[in-house]
Amino acid sequence: MRFLLRRLGFYAVAAWVALTLNFFLPRLMPGDPATALFARFRGRLGPEAMQALRETFGLTQAPLWRQYLTYLDHAIHGDFGISVAYFPTPVAQVIGTGLLWTIFLAGSAVLISFAIGTLLGVAAAWWRRGWLDGVLPPALVFLGALPYFWLAMVALYGLGFTLGWFPLGHAYSDDLTPSRSPRFVADVAAHAVLPVGSIVLATLGGWLLSMRNTMITVLGSDYVNLARAKGLHPSRVVLRYAARNALLPSITSFGMALGFVLGGSLLTEVVFSYPGQGYLLVQAVRNQDYPLMQGIFLVITLAVLGANWLVDVVYLWLDPRIRDSAS
Amino acid sequence: MTAPERGRRIGIALWWDAIRRDRQARTGAMVLAVFAFIGIFGPLLVGDPQALVGIPLQPPSPHHLLGTTGQGQDVLAQLVVGTRVSLLIGFGVGFAVVLIGAIVGVTAGFYGGRIDAALSLLFNVFLVIPGLPLAIVIAAYLPTGSFTLALVLIVTGWAWNARVIRAQTLSLRQRDFVAAVIVTGESDVRIITSEILPMMTSLLVAQVIGSTIYAIGAQVGLEFLGLGDVSAVTWGTNLYWSQNDSALLTGAWWTFAPTGLCVALVGFGLSMLNSGFDEISNPRLQLERAWREHLEHRGMKASRSTPVVPEHD
């Protein structure tokens, strides 16, 4: 329990740093931030909208510390201000429309990639210097070196545009309304194949290599040799004895990978016009919709922090050493 | 080669050896050499990448080997000129983040206590905050340009290096030879620069390579979103314009395919080089190679890692 609380404390600090960064970023702009920010909106927004904007960012005449406190107060209550591009919709509401899509996209991509990559890593380590071990790692390293979004572009061009096997973008067909009907679910799945698939391909190599390398160390250890000497079935030795223990480092990097994949999926969303956070974020950047941009950054950060904490819980459950030292 | 002979090989020779001996490292080094050549001399050999040379979106032809862009510029010229800028930023950021990571990591690991606690908290927080969204937001606020881009990549990329280098420093700090130097009363700076840092040269090299891969990928990604200098010619802006001119939906694959392949080839070359260098820092792998060569010499095949006894399965 203490372990989880300590981690929770750490994530609280991280969230606070993100909030603080968010506060100071507009003030990084050259010149006076308030003037620079508002000069862009002059003519596009009425006085009351400007006032709302001013208050959200705490860009008032008050001293900096007071501005900061005002800003924190607003942020804690989920008030990220009002979107400029979607005026007068509050930022929180705009973000809400995209959040589920991003979690769906990045979440399923990470899980699928982790499962397949780890299994392949086990196989590559067991049949070391076999054809699998010779071909897969370099091939996947090459795929991993491709920018996510470029892989997405190629997939979209090849499988979507030229062959016409998959839809060319968006999360579901225009003529359908979101519901739980099988038809809608199938449609969403068909739209997700290319974005998810391209992220999975690009990230597979990392899981494979990490698992393979730990497996190689574990396979050389005494207890695995003992298990083999006892004449246990190879599949039992590999899965029950070696793989279970070799999995821990991969779980540790799972939390960090989430952040990376989320970042990558933002770009993938742009390629596919997928209505998630990434697409919104880029639209916000193009429209200079600063409140929306910052709100999205905060929400993504909080999502990653939450996911990391879940990974900690899983880790605690998997690793008895931490469990024992914690209790 | 006998063991003492190998032990005497130090410095550049050691790295050169690793490249020559290892097939993967050799492949990687050759790929990188080609790109270095293109980056240095290429721009002298092709025309002005911004010049409008023909009808927009022409497919590859003998006249324009990689076709033309949506604006009617030569794709090959853009690719070649982009190589220089992209690689410069990539390697520059790669070096810079390792430098910062080394300063922070060594300080944390060497001094320990509260300094360690504070610095560790700092880099762990930066590690857990997703880098790309942060980079996008920072880049959106600052004036666009290559310098801004490099700065953003450094701010969002140094933490991982600091963490790894701290761990390594911590373990070196415990060794007897460091304790011995501390007892002789050497200054901290001297201990760090002449005892600790040289012991992790191979780690630092691996970090520079890894960070360069990160920097090139992230740079191309940010530029693709239009957060770089869109009037410059780099790999990322080439992709940005390709997407902007809806190359995808007009079937103009030649405007984006070559650039992505180049990004991947450079990343691939760097990764291959890294795995070859692994052996320098990892004695376990060195032993393994010696053992394998020994077995192969006697006409046997090594089946598993670091076996204690030859096995027959």
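## Helices 10 and 11 of chain A

In this predicted model, helix 10 (residues 234-272) of chain A meets helix 11 (residues 277-286) of chain A. Their axes come within 7 Å and cross at roughly 75 degrees. Angles of 65 to 115 degrees count as roughly perpendicular, so helix 10 of chain A is roughly perpendicular to helix 11 of chain A.

Which residues make the contact? Helix 10 of chain A supplies A:S265, A:L266, A:L267, A:E269 and A:V270. Helix 11 of chain A supplies A:Q277, A:G278, A:Y279, A:L281 and A:V282. By type, the contact residues divide into 6 nonpolar, 3 polar and 1 charged.

## Where the chains touch

Chain A puts 44 residues in contact with 41 residues of chain B. Several helices of chain A give two or more residues to this side, among them helix 1 (2-24), helix 8 (182-219), helix 10 and helix 11. The largest share, 8 residues, comes from helix 12 of chain A, which spans 290-318.

What kinds of residue does chain A use here? Its side divides into 37 nonpolar, 6 polar and 1 charged.

## The largest nonpolar core

The largest nonpolar core holds 175 residues. A:M215, A:M293, A:I296, B:A135 and B:I136 touch the most other members. Helix 10 of chain A returns here: its 17 residues are the largest share of this core.

Take A:M293 as an example.

Terms used: Residues numbered from 1 in each chain as written. Chains lettered and ligands numbered in written order. Predicted model: local features only at pLDDT ≥ 70, side-chain atom pairs only at ≥ 80, totals over all residues. Core = buried A, V, L, I, M, F, W, Y, C linked by C-beta atoms within 7 Å. Buried ≥ 20, exposed ≤ 12 C-beta atoms within 10 Å, placed from the backbone. Helix = DSSP H or I, 4+ residues; strand = E, 2+ residues; numbered from the N terminus. Contact = placed C-beta atoms within 7 Å. Axes fitted to C-alpha atoms, helices over the stretch in contact; angles between N-to-C directions. Parallel < 35°, antiparallel > 145°, perpendicular 65-115°, else oblique. Nonpolar A, V, L, I, M, F, W, Y, C, P; charged D, E, K, R; others polar. Lists of a residue's contacts leave out its neighbours within four places in sequence.
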